[in-house]
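Hi everyone, thanks for coming.

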Amino acid sequence: MRRIIIAGNWKMYKTQAEALEFLQAFLPQLSETPEARKVVLCAPFTTLPSLSKTLHGSRVRVGAQNVHWAKEGAFTGEISGAMLTEIGVRYVVIGHSERRQYFGETDETVNQRLLAAQSYGLLPILCVGESKQQRDAGETEAVISRQLEQGLVGVDQSNLVIAYEPIWAIGTGDTCAAEEANRVIGLIRSQLKDADVPIQYGGSVKPENIDEIMAQPEIDGALVGGASLDADSFARIVNYQA
């Protein structure tokens with residue numbers, strides 16, 4: 001049975017103090033949230049220890065935004081799986097379009113990070129999606145198929161989450177139509193060995209459109225950017241009306 005996972009990606013926002021202030025406003029709003037919905041906060045590295053400590057025993061899981069493929073080594077600025085699991089991190093975002101666009105991430109390095117994450121017991125959220133140029137050229141299906149084919153080599157699909165994030169919709173306010181997101185996510189699912197892999201939608205998800213998004217039969221959750229930074233906004237998303 002497919003799980004529902006709502007994850008917030010804070011990107012490079014929030015100090016430790018701001019993160020704890022967020023939790024004070026956010027956690028009380030989960031009292032009526034159905035138990036079947038998994039809630040994850042993917043935060044900057046500096047906030048992870050305090051988040052993990054504060055959220056221990058709660059229903060909210062802590063996620064990181066990247067992990068290196070090596071156990072240790074001369075990789076300045078990177079972080080290993082062991083460093084994340086030591087502080088209670090459970091999830092990790094891998095292959096986000098911003099990592100691909102700004103930091104040279106490739107399908108090959110995405111694959112290496114996925115394998116490393118799983119070897120340390122982390123649950124990876126693999127991001128895939130096409131640019132506006134690729135969509136306009138009719139290449140959406142080919143781009144995503146390549147990302148899946150190359151990214152999932154050797155990956156255990158029973159320990160995996162996928163997020164479909166059309167790059168042209170991230171942070172632009174231009175949300176992919178719910179029906180189209182559902183179609184592409186169905187395409188992704190058809191290429192997986194495990195049909196129960198949770199597949200999220202991400203890209204300008206907000207309180208105003210979450211109900212429509214989650215009404216789609218192929219969509220198993222959301223990876224939320226800007227709207228996850230505000231406690232009331234993210235709580236409304238987590239508490240979407242089915």
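There are 15 salt bridges in the structure, where a salt bridge is a side-chain nitrogen of Lys or Arg within 4 Å of a carboxyl oxygen of Asp or Glu. Keep in mind that this is a predicted model, in which local features need pLDDT of at least 70 and side-chain atom pairs count only at pLDDT 80 or more, while totals for chains, interfaces and linings use all residues. Numbering runs from 1 along each chain as its sequence is written, and side-chain values use heavy atoms, leaving out hydrogens and water.

Let me start with Asp-220 and Arg-2, whose side chains meet at 2.7 Å, N to O, in a salt bridge. Asp-220 sits in the loop between α9 (210–214) and β8 (221–224) and Arg-2 in the segment before β1 (4–9), so the pair ties together parts 218 residues apart in sequence. Helices here are DSSP runs of H or I, at least four residues, and strands are runs of E, at least two, numbered from the N terminus. Asp-220 counts as buried, at 2% relative accessibility, and Arg-2 as partly exposed, at 27%; buried means under 20% relative accessible area, exposed over 50%, partly exposed in between, with a 1.4 Å probe and protein chains only.

Now a local pair: Asp-136 forms a salt bridge with Lys-132, with the closest N and O atoms 2.9 Å apart. They are four residues apart in helix α6 (residues 132–136), about one helical turn. Asp-136 is exposed at 56%, and Lys-132 partly exposed at 44%.

Finally, a salt-bridge network links Glu-130, Arg-135, Glu-141, Glu-180 and Arg-183.
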